[in-house]
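Hello,

Here is the structure I promised to pass on. My notes follow below it.

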Amino acid sequence: MKINRMDHVSINVNDLSEATAFFLELGLEVKAEWELEGEQLSRIVGLNHAKTACVGLGMPDGQTWIELVKFYSPSDDKDIQQPFANTLGIRHICFNVEDIEGIIAKLKKRGTEIFSEIQQYEDSYKLCYVRGPEGIILELGEKINKKKLK
């Protein structure tokens, strides 16, 4: 018995188009779009009368897959939660990026909340946390080329 790979990460959102636009701007691509409803979906997710719309987003190389899911029913009665980086539970998705400064500048122009300025972690990474639409927390990390440090 073994795990072969992680298949996907699912993020529930209220505004599917805004969340999709955010991830497209980061460089992901729409790989699939679909709607589901009915008894089988309701049994799979453990909710009565489930109806969803989904957008599957992936990296150009096809290795990373994110599903953005809008539940039309049943709806979540709570407002969007704005967790912090230390809130218990699954909290963020990390993307390895190139040109972190350029990406952060682009996100700032878009009005994205930046948790901190870009920080260098030892001699290995530049890191920064951002909050996207609906409280989605991303960590962006750029591997530092050691040759550039000398």
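Which residue just after H1 takes a positive phi? Gly 27 does, at about 115°.

First, the ground rules. This is a predicted model, where local features need pLDDT of at least 70, side-chain atom pairs count only at pLDDT 80 or more, and totals for chains, interfaces and linings use all residues. Residues are numbered from 1 along each chain as its sequence is written, and side-chain values use heavy atoms, with hydrogens and water left out.

**Helix H1**

H1 spans residues 16-26. Helices (H or I, at least four residues) and strands (E, at least two) are DSSP runs, numbered from the N terminus. The buried residues of H1 are Leu 16, Ala 19, Thr 20, Phe 22 and Phe 23. Buried means under 20% relative accessible area, exposed over 50%, partly exposed in between (1.4 Å probe, protein chains only). These residues sit on the same side of H1, because they cover an arc of only 155° around the axis. The arc is taken from the directions from the helix axis to the C-beta atoms.

**Aromatics**

The whole structure holds 3 aromatic pairs. One is Phe 22 with Phe 23: edge-to-face, 5.3 Å centre to centre, 80° between the planes. Rings of Phe, Tyr and Trp (its six-membered ring) pair if their centres lie within 6.5 Å; planes under 30 degrees apart are stacked, over 60 edge-to-face, the rest tilted. Phe 22, Phe 23 and Phe 95 make one aromatic cluster.

Lys 51 lies over the face of Tyr 72, 5.9 Å from the ring centre. The criterion is NZ of Lys or CZ of Arg within 6 Å of the ring centre and within 35 degrees of the ring normal.

**Backbone**

Most residues other than glycine have a negative phi, and most peptide bonds are trans.

- Ser 73 to Pro 74 is a cis peptide bond, with omega near -15°. Pro 74 is in the loop between strand S4 (65-73) and strand S5 (93-96).
- Asp 99 has a positive phi, near 60°. The residue lies in the loop between S5 and helix H3 (100-110). Asp 99 counts as partly exposed because its relative accessibility is 46%.
- Glu 134 also has a positive phi, near 60°. Its loop runs between strand S8 (125-131) and strand S9 (137-143). At 19% relative accessibility, Glu 134 is therefore buried.

Best wishes
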